[in-house]
Structure formats: structure tokens, C-alpha cells
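Here is a short briefing on the structure shown below.

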Amino acid sequence: MKNQNSHFRILNLVFWITLGILALFNFPFLDKSVFNHERFAEWYERFDTTKVEIDPFFIDKDENHVSEDKEKQKEENKPSTSFKWNWKDYNGRNCSVSFKIENEEFEKAKRFRESYSSNFSEANLYDDFVKRCDKPISILSNALKSEMEKRNLSGIDRLNFVVTAIQTPPYTYIEDQNCRQGGKCKPGGCCPFILPFAVYTPTEYIFQETGDCDTKSLICYAILKKLNYNVVVIVGDTEGGKHAMLGVAGFPAEIPSYFVRHNGTIYQPWETTNFAYEFQLGNMRMWRSWRNWNVILN
Amino acid sequence: MRLGLLIFGIDDHILDNMPEDVAKKQTLIYNFLGLMLVVLSLIGAAAGLIYGIIIFGHWGLAIGCACFLGLVFFLLLQLLLFLSLQTRYTSLKQELSQMEEVYKNYPSENLGGISDEEALEIVSKYRMTWRGAPKETSNPFHFSQILISTAVVSLTLLLSFLSANAVELFIFRKPVNQELHRIKQSEHLIGLAKLQENPTTTRFAEEKMEAYWTLKMVSEQPNNEFKFIDCYSLLLVFEVLQTGLGNTKVLIDLLFAVLFLVPYIAVKKSDEISGGAFLKEVVINSMSSALLMHLLSGRTIEKSLQKIKNEFDYHKALGKK
């Protein structure tokens, strides 16, 4: 009888505990770890690759652009995209660079990013992104290098040449959720649901030219590292929130302000988000607040 | 908290017949049972709001949908609970269902001269005799119980899965929207959908149609903005949710099933409810009221018959002078 009497108490507890467990699922950290993007990626790939196999075939048929030896041609020449970037440096000189990258590099980089686990830190992610995009970064670095050699650039002018190339495309908002401010995913607009950590890989930046602070700092870092400069990615707080910049050692500041010291080396900050005369090496006075700045990738 | 009174009719005049500690305990139990019912109805209302906003894309209609579904949940769950509220005092139950046998002890011919006080005394004695009725450990088996239990459990599970899917959509709306966005950006789908608009071959017609439909479902229309989930199709959203959650979805669905079944099991299995003092008092109260009504109506009938016998003018009725 005593046992029967406690039935309601036990069931009552079960009810409220179950309700509590269900409420726990509302916590944002659980929502991310419970919903398996990789499992969805498998489902999506299956659904997607079916179309990949048939797509080129009947697009060609439909548009009467049948080339009989296309398969052969495909094997010989992988589809690639030619780029020609034009911009101006801080002295107003016209600059340009041309290069060509295989389209599959873009797909590879995109897939790598999308399947990257959000459980790792941003530092690991940046490093892995740079390693994964080695081929496109090498192509771009070599193109920039040969252009700089043609122009006989040296010292800080070489750095300016690279960084202004990345600064020039307008700042694009990269969001890990929907874009509140609207706009399309193109330079100057907004790209929604870029996961993890709302950052593009360097290859994706090269193809789309859409980047915010960390995307642009990361590609600057990757190119300059390839050209053997002592550079880092630094992150910290400004009045606008968390921000990322490029850090450069071994060069005096063009416009001195603050700097970051890491393992005894002084790194001058470089704002990469937009092109402007005052966005030169060492200047961070476009921000009123400068707190908690540290090296995240070196 | 007066939820027990509002939902189950826990009334002071019934509680007055019990010892104070038993009355307090019974009030607490029915209050908790009422609270469970209210919580489940609120979950139902939330589910209505979520489904409403996805289907209609209008907050006004979604709120209407929430009110409607919340009310449906409340009434259905209340009905299911009342269906299961059966006292374990079997002898009392049998007596209540066969009151004609009790009435035979009080034929209406003898009731003409009965006073209100005498009627109340009879009822009071009758009530006292049933106070000490024995309690069975469980209700005797009947085939109808299986049918009723199956219907109750099926309906409860249906309500629980309806709520579970809506709440899962609410919790995981962010990752679901991300995956829908990926579908929207698929170059393959876009390529196929373009061919659907400009058909020159019947090959892969089904795939083209599917791609066209899928893109249409995930593309925002100018006059019908996405409000909560970036998709117009509930089925596509469920597919994405199911794939992303995998076995976790089964676990959450089961938790919801437990949540909805607990009040029903509590009512069925808890000795404090089915074998509790409140249900017993309610049955005794019903029996006593029925007997009192029989005595009073019998008295009125008898008096009326006497009056007719003494005062009715049969000559006038027959038309004789």
C-alpha cells in the first residue's frame, strides 16, 4: 500500500524532470551539438550528387552545345576561372594582377568549411583553412610576387601592394545566421549562414571577393606568410564588438598608434576591411576602444 | 492554487467530509494534476502558434491557431483524464449504477408524510453505511477497458507527437534554416529548375519538377515573407529536421510521449487518485444526492396523488350535473 501511495509522487517527479530535460534542449550550446550538420551533409550530398551526374549531360543536350569529346577534354583541362584584379595603392598608383584557379578548388574549400566541426577553436579553424587552401594561395601569391617584381617594389611597398588588393573589394557582412540588414551575398552585401564562426576560407574569398574582418585578415596573413613575412592574425574588442586585424612584425608603423606584443615580438595592427588612406600599417584609430588584443594565429 | 477546484471540481463541501490532512493531500494532488493539464495545454498552444506561423505566415492567424489548438488540447486531455478517473471502491461503483435497488427500500406510498428532517436523516444514515466500504486493489477486468485504454493512449500519443514536432522546430529553427539555405544555394537544383521552366526534353522530368518545387518552397515570395522557418513546406522542414536530428529526434519524441502519458498513468495507477478519498466522497455524494432526490420527489408525487384523490371533481370531468 505504501508503494502504491508513492506512485503519484514518483510520476509527478517524472513529469517535471522530463519537462526540465526538454527545456534543456533550448540552450544554444545543446542546439548546436545535437543537430548534426554532417549527417545532413551526407543526406544533402546524396541528393546533390545525383543531380551532378546528370546535370552536365542534359544541359548540353538541351542547349545544343554537344561536344562529342567533352569527356576527353574534361580530363585534360579541368574547368577553371580566370581572375583579373584591378585596384589602387595608397599612393594612387594603378595596380593589377591576373591569375587562374580551378573551379574545383572552390568546391573543395566550401565543402571543407561546411563540414568543419564548430567544436574546435577559431585558431585551429584559421590554420586548417590556410592549409586546405594552399594551392590557390600559392597561385595568387606567385602572381602577386611576379607583378611586384615587374614593378620593382621593395620593403613596405610590397606589403602595401598585397594588403590594398585585399582591402579594395567593399566590406561584406558575413553572418552565421540570417542577415538582419538584408542585402545579397556579393561584395558590399551580406552573406548569411556561413558556418562555422562566420568566416570564409581564402579560396572562397578569391572567388567571391566577399569578406569581413577575419576573412580579409586571414587571406592577407596566408599570402604574406607565403611570401615569407612575419605576420599574424590578431583579435580583440572594439566599441563595435569583436574584431580581427592583420599583425605585421619587422616594419615600422606608417601611422603609429597601438601594437600587440607576442613572445617578445611587436606586431603592428593593420585594418584590412576597407581601402582608405588612413587604413595603413600601425593605425587603429578608426576605433575609439582597443581592449584585449591578442595573437590568434601566427 | 485553485486549479483542482477549477478543473476537477475539488469543492470545500466534499473536502469537509474528510480528515484535514487527507483533504490537504487530496487538494495538493489534484492541483498538481490540474497544473500538468495546464502545462500540456500551453505546450499545445505553443505548437499551434508554430504551425500557424509556418502555414499562414501571419502572426494574427498564428495566434488564433494557438488559441484553437490550446483549447482542443485542454478539452481532449481533460476528457481523457475524466475517462480514466475510476474509483477503486468497486462496491460503491456498483451501488451507484444500481440505485433502483436502493429506491425499492423506500416505496413512494410510504413517503407522503416524510418531513425534510426525516429525509435528511435517512440520507445521512445511508451515507454513513458507505463510509466504511472496502477498497479493491484494482478494478475488475473488462474487455471494454482494453478498448478505452487503447483509444486514450493513441490519442495522447498523437497529441504528444504533434507537440514534439512543433517544439523541435522551435528549438532547432536556426540549424534547420541553415540547411534550408544550403538547399536554396544548390547549383544543381538551380540548373534543374531552369530546365523545368524551359523544357526541351522529357528526360529527368520528375527530378526537374522536384527541383523546381523545392526551390519554390525555399525561396521567399515578395508578398509572403518567411516569419519563422525559411520554407513554405512543412514536409520539407520535417525532412530536414529528421535528417539533422537522427536518433535524437526519436529520443525527444519519446520524452514528449512520457510527458503526455504521465497524467494518464497517474490517474490510472496511483492509489491516491483512483483509490483516494476524494473520488470515494464524490461517489458517496452522488449516491446520497440521488437518494435524497428520490425521497423528496416520492413525497411530492404521493402528496399530489392524495390531492387528486380527494379534490378532483370526477363529475365535472365526465360532464355530469
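Chain A has 11 helices and 9 strands; helices (H or I, at least four residues) and strands (E, at least two) are DSSP runs, numbered from the N terminus. This is a predicted model, in which local features need pLDDT of at least 70, side-chain atom pairs count only at pLDDT 80 or more, and totals for chains, interfaces and linings use all residues. Residues are numbered from 1 along each chain as its sequence is written, chains are lettered from A and ligands numbered from 1 in the order in which they are written, and side-chain values use heavy atoms, with hydrogens and water left out.

**Chain A overall**

- Of the 298 residues of chain A, 45% are buried. Buried means under 20% relative accessible area, exposed means over 50%, and partly exposed lies in between (1.4 Å probe, protein chains only).
- Take the contacts in chain A with a separation of 6 or more: 60% of them are between residues 24 or more positions apart. A contact means heavy atoms within 4.5 Å.
- Cys220(A) has 0% relative accessibility, so it counts as buried.

**Hairpin in chain A**

- Strand 1 (residues 80-88) and strand 2 (residues 94-102) of chain A run antiparallel and are joined by 9 bridges. Two strands pair if DSSP finds at least two bridges between them.
- Trp85(A) has Val97(A), in strand 2 of chain A, as its bridge partner.
- The hairpin has 5 residues between its strands, and Gly92(A) takes a positive phi near 80°.

**Five-stranded sheet in chain A**

- An open sheet of 5 strands in chain A has the order 7-8-6-5-9, with antiparallel pairing.
- Strand 7 (260-262) and strand 9 (291-297) of chain A are the edge strands, each pairing on one side only.
- From one strand to the next, the twist averages 40°. Axes are lines fitted to C-alpha atoms, for helices over the stretch in contact, and angles run from 0 to 180 degrees between N-to-C directions.
- Strand 7 of chain A is joined by 3 bridges to strand 8 (residues 265-270) of chain A, and the two run antiparallel. Arg261(A) stands opposite Ile266(A) in strand 8 of chain A.
- Helix 7 (residues 122-132) of chain A packs on the sheet and touches strand 5 (231-238), strand 6 (241-248) and strand 9 of chain A. Its direction makes about 40° with that of strand 9 of chain A.
- Helix 9 (residues 156-167) of chain A also packs on the sheet, touching strand 6 and strand 8 of chain A. Its direction makes about 40° with that of strand 8 of chain A.
- In a regular strand, side chains alternate between the two faces of the sheet.

**Disulfides**

- The count over all chains is 2 disulfides. A disulfide is a pair of cysteine sulfur atoms within 2.5 Å.
- Cys179(A) is joined to Cys190(A), S to S 2.1 Å. The pair links distant parts of the chain, 11 residues apart: Cys179(A) is in the loop between strand 3 (173-174) and strand 4 (190-191) of chain A, and Cys190(A) is in strand 4 of chain A.
- The S-S torsion of Cys179(A) and Cys190(A) is about -85°, so this disulfide is left-handed. Both cysteines are buried.
- Cys185(A) and Cys191(A) form a disulfide with sulfur atoms 2.0 Å apart. Their S-S torsion is about 90°, so this disulfide is right-handed.
- Cys185(A) is partly exposed because its relative accessibility is 33%. Cys191(A) is buried, with a relative accessible area of 0%.
- With bonded cysteines counted along the chain, the disulfides of chain A follow the pattern 1-3, 2-4.

**Nonpolar cores**

- A nonpolar core is a set of buried Ala, Val, Leu, Ile, Met, Phe, Trp, Tyr and Cys residues joined through side-chain atoms within 4.5 Å.
- The largest has 70 residues, and those with the most contacts inside it include Tyr30(B), Phe172(B) and Ile229(B). Its largest share, 14 residues, comes from helix 3 (residues 20-56) of chain B.
- Another core lies apart from it, with 51 residues, among them Cys133(A) and Tyr221(A).

**Ser288(B)**

- Ser288(B) is found in helix 14 (residues 277-311) of chain B. Ser288(B) is buried, with a relative accessible area of 3%.
- Leaving aside neighbours within four places in sequence, Ser288(B) is in contact with Val123(B), Tyr126(B) and Arg127(B).
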